Amino acid sequence: MEENSNFIKTIIKEDLESGKRNKVVTRFPPEPNGYLHIGHAKSIVINFGLADEFNGQTNLRFDDTNPLKEDQEFVDSIKEDVAWLGYEWENLRYASDYFDEMYERAVLLIKKGKAFVDDLSADQIREYRGTLTEPGKESPFRNRSIDENLDLFERMRNGEFANGEKVLRAKIDMASPNINLRDPVIYRISHTSHHNTGDMWCIYPMYAFAHPLEDAIEGVTHSLCTTEFEDQRPFYNWVVAECEMENIPQQIEFGRLNLTNTVMSKRKLKQLVEENYVDGWDDPRLPTISGLRRRGFTPEAIREFVAAAGVSKGYSTVDAQMLEHFVREDLKLKVPRTMGVLKPLKVVITNYPEGEVEWLDAEINPENPEMGTRKIPFSREIYVEQDDFMENPPKKYFRLFPGNEVRLKHAYFIKCEEVIKDENGNVVELRCTYDPETKSGTGFTGRKVKGTLHWVDATHAIPAEFRLYEPLILDSDKEASEEEGEDKTFLDYMNKNSLEILQGFIEPNMKEAQAQDKFQFFRHGYFNVDPKHTTEEKLVFNRIVSLKSSFKL
Ligand code: ATP
Ligand code: MG
Ligand code: MG
């Protein structure tokens, strides 16, 4: 991570040097109510990355204090994604592991006169809370005796009251300029089964109360979170102090990461998945970690991207092209190059002997010669790209047109002699001639051509499906600009053409490709074998990125 932009690293270093801390413990605390996305990757890289750097440790902790929204599917996917990104957690924990201790700490607060049971409704509590400019009003139940509070809290726990009938609130200061300190609710009643604790509890701690306790219990030293929790920090510190926790964690906030032309909030992602706008949480167009994986992004590229985006305090919407830049960089030397025709047009080479096949040598990756060579067949019938032919080309068109000669990559020069059309006037085949003298690798210098085309041999090619993706959201920063109460939602900005499916052909040597294998297709970009739609019969390729972009780092 970049030295100067990482203020958290500076704080940790100082804490170790001054002896304030003798080790570093962090945690990544997702709520298991959805799949992880690229924003979470920032939090993961910061938490695990910093701990690693200082020989510390990081817990993966599921913040499962809200039983309604949580699910085992999400727990499993989060574990898979963190591991895939390349990180190992020291301990796997659940906030719900600490429900007993949290309850005890709440009782301690009551005994100290720092918490009370309130009968006000949720609406009344909101009304009494006041505003930024106006102090709040104390609840009429605020001065219940300690004994009465202890009794009522126990009866809350025993299930004597309905949802919403009572809450436990911290007793702090209804006139505080920080609204979070105006007697915040710390326990609520919810007669709901919990994925971890079943029906053991019918009261659940609020996140703002639970989180500092979880951190303190685990001995977390630096509790790193996003800036929307900045106003919660005084309450965080209050909880740790008043609950008399032994370990005192320090909360430090950093800016959320957002990407252009997509959405990242779990609510919106969930809506896209549940209403079938996309093909599951791992749809290759989504910014989820599982979607990026299925698209073909690598953990290395994601980590590099996050590091380059920086650990600044500010909210940042980062150009999605920057993420693409890092995956190209990562794959450039690693993956085989190959040829695939996405929109096939048949070419018959009339002067090539019928029935003959030759096997041409081709480098697997000219930028990484160690990857060796492959054999590709060449014969009388091949496919080229429909887009590489024009009957009436504009000036400076160097691809195929009647009378023009081009180079076939790794093979020969061919010249377009005749255009065959169907009854509707569509071009269905080209008749070409080849020049045996021009064979690739023989050092032919007799004449030059300007266009080099990719192709596949028609008799040996294997069919393949290609899926090309465009951004899901047309507005570059929909999430940041979306206003409450606006009559349009992000759904109005969905790109209807975000997926194009093409049926084409690939080189026969790719028959054995496996799900998640990656390739660079000549002129088309980087592709990943889709793990969901690929079958024994047919490979399906997701385009990760095209070859070039205008993006400059
Ligand atoms: P959402 O608003 O999408 O539901 P969340 O913050 O509620 O996200 P959590 O599961 O609570 O999701 O997130 C786990 C951790 O990841 C938290 O510490 C959170 O601050 C961090 N995180 C979530 N989104 C981002 C983001 N866009 N950029 C950086 N960190 C993030
Ligand atoms: Mg959260
Ligand atoms: Mg959330």
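User: Which helix gives the most to the shell around ligand 1?

Analyst: In this predicted model, helix α2, which covers residues 38–53, gives the most to that shell, with three residues. The shell as a whole counts 15 residues, and Glu-31, Gly-39, Thr-226, Leu-257 and Lys-266 are the closest.

User: What makes the pair formed by Lys-266 and ligand 1 a polar contact?

Analyst: A polar side-chain atom of Lys-266 lies 2.7 Å from an oxygen atom of ligand 1, and because a polar contact is a pair of N or O atoms within 3.5 Å, this pair qualifies. A backbone N or O atom of Glu-31 lies 2.8 Å from an oxygen atom of the ligand, and a polar backbone atom of Gly-39 is 3.3 Å from a nitrogen atom of ligand 1, so these two pairs also fall within the 3.5 Å limit. Of the 600 Å² that ligand 1 exposes when taken alone, the protein buries 87%.

User: How do you know which domains the shell around ligand 1 draws on?

Analyst: At least three of its residues come from domain 1 (7–254), and at least three come from domain 2 (259–336 + 464–545). The domain assignment also gives domain 3 (340–454).

User: Why are domain 1 and domain 2 said to be in contact?

Analyst: Contact means heavy atoms within 4.5 Å, and 27 residues of domain 1 meet this condition with 24 residues of domain 2, so the word applies. Between them the two domains bury about 2300 Å², with 67% of it on carbon and sulfur atoms.

Terms used
Residues numbered from 1 in each chain as written. Chains lettered and ligands numbered in written order. Predicted model: local features only at pLDDT ≥ 70, side-chain atom pairs only at ≥ 80, totals over all residues. Heavy atoms only, no water. Near = heavy atom within 4 Å. Polar contact = N/O pair within 3.5 Å; in protein donor to acceptor, adjacent residues only side chain to side chain. Areas by Shrake-Rupley, 256 points an atom, 1.4 Å probe, with all protein chains shown as cover. Helix = DSSP H or I, 4+ residues; strand = E, 2+ residues; numbered from the N terminus. Domains from an automatic or database assignment. Buried area = accessible area lost by both parts, 1.4 Å probe.
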